[in-house]
Amino acid sequence: MFLETKALTKQFGGLIAVNDVSFSLEKGKINAIIGPNGAGKSTFFNLVSGSHSPTSGQVIFKDQNITKLPPNKIAELGIARTFQTTNLFEQSTVLDNVIVGHRLRTNSTLLDAVLRTKRFKREESKCKEKAIEVLDFVGLTAVSDQLASNITQEEKKRVAFALALATDPEVVFLDEPAAGINPDETEGLAELMKKMVDRGITVCLIEHKMQMIMKLADKIMVLNYGEKIAEGTPEEIMNNQMVIEAYLGGSASA
Ligand SMILES: Nc1ncnc2c1ncn2[C@@H]1O[C@H](COP(=O)(O)OP(=O)(O)OP(=O)(O)O)[C@@H](O)[C@H]1O
């Protein structure tokens with residue numbers, strides 16, 4: 001099994017945000033998590049990426065129990081994530097923002113940096129190479145020397161992808177990657193996700209844009225009040241009565 005959760009549960013006081021969710025990602029595919037507001041989607045991401053530790057249950061990645069690992073260890077194993085909003089260093093260039101992303105993979109210490117040791121210089125140039133490579137991959141070479149404050153919203157979304165890719169992940173969790181951008185730009189990001197999958201990266205995204213998900217995803221999990229109410233192909237999900245009721249409150253059509 002590639003990445004799976006077993007009976008994952010997160011309680012905040014009296015509220016069960018994620019309730020007994022067992023789910024496995026399809027390796028090398030686009031997986032999606034959908035559900036009404038407050039259904040527990042972001043919390044589920046936070047549990048898998050180590051930002052929150054679960055109340056109970058497990059996260060297993062390639063037969064290793066990663067449930068109690070801190071976020072940096074989880075990232076080192078090859079699990080990357082983006083957030084609903086990406087805070088960039090606005091007064092740094094796009095390239096410098098992404099170089100910082102790759103530092104996670106290097107071994108230099110602060111002393112190496114202060115003394116500018118050979119190891120530091122070697123790793124610094126590796127970080128730069130990686131940043132250039134991922135910016136090319138996400139289509140941002142032309143703006144790599146611009147200040148982050150000067151790029152468009154859609155370009156910022158692509159920087160978020162680049163930051164995740166700079167850590168050489170096997171799987172990326174994307175939290176609402178297409179929020180706040182127009183349909184053409186959304187289409188462009190969908191293409192980018194397909195390109196990631198073509199490179200062998202497994203994708204898992206949270207998204208409210210239903211048309212995009214139904215076209216893009218190979219497998220969908222639906223959460224409602226923290227519980228998994230359905231999983232399957234887009235077609236199975238679209239025809240699932242519980243899903244229709246969760247979204248429409250039982251009425252006939254959207
Ligand atoms: N740190 C926290 N402390 C207390 N309650 C929280 C915390 N994080 C999330 N919750 C609650 O857990 C529930 C699930 O929230 P979550 O953000 O995971 O939902 P979501 O499906 O991602 O929602 P949205 O689509 O609106 O982003 C909500 O009721 C939310 O208020």
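Visitor: In β8, which residue is the bridge partner of Ile-33?

Guide: Strands count as paired if DSSP finds at least two bridges between them. In β8, Ile-33 has Ile-206 as its bridge partner. The model is predicted: local features need pLDDT of at least 70, side-chain atom pairs count only at pLDDT 80 or more, and totals for chains, interfaces and linings use all residues. Residues are numbered from 1 along each chain as its sequence is written.

Visitor: How many bridges join β3 to strand β8, and how many pair β3 with strand β9?

Guide: Helices (H or I, at least four residues) and strands (E, at least two) are DSSP runs, numbered from the N terminus. β3 is joined to β8 (residues 202-206) by 4 bridges, and the two run parallel. With β9 (residues 219-224), β3 also pairs in the parallel sense, over 4 bridges. In that pairing, Val-222 of β9 stands opposite Ile-34.

Visitor: Which residues point each way from β3, and are they buried or exposed?

Guide: In a regular strand the side chains alternate between the two faces of the sheet. A residue is buried if 20 or more other C-beta atoms lie within 10 Å of its own, exposed if 12 or fewer, and partly exposed in between, with C-beta atoms placed from the backbone. From β3, Ile-30, Ala-32 and Ile-34 point one way, Asn-31 and Ile-33 point the other way, and all are buried. Because 5 of the 5 residues of β3 (residues 30-34) are buried, the strand is largely enclosed by the rest of the structure. Across the protein chain, 38% of the 254 residues count as buried.

Visitor: In what order do the strands of the open sheet stand?

Guide: The order is β2-β1-β4-β5, with 4 strands and antiparallel pairing.

Visitor: Which residues are around the ligand?

Guide: A residue is near a molecule if its C-beta atom, placed from the backbone, lies within 6 Å of it. Among the residues around the ligand are Phe-12, Leu-15, Gly-38, Lys-41 and Thr-43. At least two residues of the shell come from each of β2 (15-24) and α1 (41-48). α1 gives the largest share, 3 residues.

Visitor: How many residues of the shell are nonpolar, polar and charged?

Guide: Ala, Val, Leu, Ile, Met, Phe, Trp, Tyr, Cys and Pro count as nonpolar, Asp, Glu, Lys and Arg as charged, and the others, Gly among them, as polar. The shell around the ligand has 4 nonpolar, 6 polar and 1 charged residues.

Visitor: Where are the bounds of domain 1 and domain 2?

Guide: Domain bounds come from an automatic or database domain assignment. Domain 1 covers 1-78 + 169-253, and domain 2 covers 89-166. Their centres, taken over C-alpha atoms, are separated by 27 Å. Residues are in contact if their C-beta atoms, placed from the backbone, lie within 7 Å. Domain 1 gives 10 residues to the contact and domain 2 gives 8 residues. On the side of domain 1 that touches domain 2, α2 (71-76) and α7 (183-198) are the elements that give two or more residues. The largest share of that side, 3 residues, is from α7.

Visitor: How many helices and strands does the protein chain have?

Guide: The secondary structure comes to 10 helices and 10 strands.

Technical notes:
Two residues are in contact if their C-beta atoms, placed from the backbone, lie within 7 Å.
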